[in-house]
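Here are my notes on this one, in numbered points. Have the viewer open while you read.

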Amino acid sequence: MASLIACPHCGIRPSQEFTIRGDADPRRPASAAPDEEWHDYVYQRRNSMGLMREFWHHAGGCRRWLVVERDNLSHAVHAVTDAGQRRGDKP
């Protein structure tokens, strides 16, 4: 049985229409940030179990980037938001 994702633009869709980019929590450092900050941003990622916020791309639908709150143990999806709206950007 396929997992279902409630895309805010397309409605409930099978997870096969999406691709996962990864953790949505790390924030890009300023361009003038020290090398250590850039190293941590590029190479250091947490690998925790439980509820995570991840970037997902709706490649088989609206082609929007979404933030999916998902339990990586049970694969249960708790919330889905547009990635642009999450940061206050215009969609």
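1. Ring pairs first, with the rule: rings of Phe, Tyr and Trp (its six-membered ring) pair if their centres lie within 6.5 Å, and planes under 30 degrees apart count as stacked, over 60 as edge-to-face and the rest as tilted. By that rule you get 2 aromatic pairs. This is a predicted model, where local features need pLDDT of at least 70, side-chain atom pairs count only at pLDDT 80 or more, and totals for chains, interfaces and linings use all residues. Residues are numbered from 1 along each chain as its sequence is written, and side-chain values use heavy atoms, with hydrogens and water left out.

2. Take Phe-18 and Trp-56: the ring centres are 6.1 Å apart and the planes sit at 65°, so this pair is edge-to-face. The pair links distant parts of the chain, 38 residues apart, with Phe-18 in the loop between strand 2 (11-14) and strand 3 and Trp-56 in strand 4. Helices (H or I, at least four residues) and strands (E, at least two) are DSSP runs, numbered from the N terminus. Are these two residues buried or exposed? Phe-18 counts as buried at 7% relative accessibility, and Trp-56 is buried too, at 6%. For the cut-offs, buried means under 20% relative accessible area, exposed over 50%, and partly exposed in between (1.4 Å probe, protein chains only).

3. Next come Trp-38 and Tyr-41, whose ring centres are 5.9 Å apart with planes at 90°, so that pair is edge-to-face. Trp-38 and Tyr-41 are 3 residues apart in helix 1, which means about one helical turn separates them. Trp-38 is partly exposed at 22%, while Tyr-41 counts as buried at 18%.

4. On to charges. A salt bridge here is a side-chain nitrogen of Lys or Arg within 4 Å of a carboxyl oxygen of Asp or Glu, and the count comes to 6 salt bridges. One of them joins Asp-25 and Arg-53, at 2.8 Å from N to O. Those two are 28 residues apart and link distant parts of the chain: Asp-25 is in the loop between strand 3 (19-23) and helix 1 (35-43), Arg-53 in strand 4 (residues 51-57). Asp-25 is partly exposed, with a relative accessible area of 30%, and Arg-53 is partly exposed as well, at 25%.

5. Glu-54 forms a salt bridge with Arg-70, again with the closest N and O atoms 2.8 Å apart. Glu-54 is in strand 4 and Arg-70 in strand 5 (residues 65-71), so this pair ties together parts that are 16 residues apart in sequence. Both Glu-54 and Arg-70 are buried.

6. Which residue does Arg-64 form a salt bridge with? Its partner is Asp-82, the closest N and O atoms being 2.9 Å apart. Arg-64 lies in the loop between strand 4 and strand 5, and Asp-82 in strand 6 (residues 77-82), so the pair ties together parts 18 residues apart in sequence. Arg-64 is partly exposed, at 24%, whereas Asp-82 is buried, with a relative accessible area of 0%. Separately, salt bridges that share partners join Asp-23, Asp-25, Arg-46 and Arg-53 into one network.

7. Now the cysteines. How many disulfides does the structure hold? The count is 0, a disulfide being a pair of cysteine sulfur atoms within 2.5 Å. For Cys-7, the closest cysteine sulfur is in Cys-62, 3.7 Å away and too far for a bond. Cys-10 is in no disulfide either, the nearest cysteine sulfur being that of Cys-62, at 3.8 Å. Cys-7 counts as buried, at 4% relative accessibility, and Cys-10 is partly exposed, at 32%.

8. Last, the backbone. Most residues other than glycine have a negative phi. Arg-63 is not a glycine, yet has a positive phi of about 65°. Arg-63 lies in the loop between strand 4 and strand 5 and counts as exposed at 54%. His-75 also has a positive phi, near 70°. His-75 lies in the loop between strand 5 and strand 6 and is partly exposed, at 46% relative accessibility.
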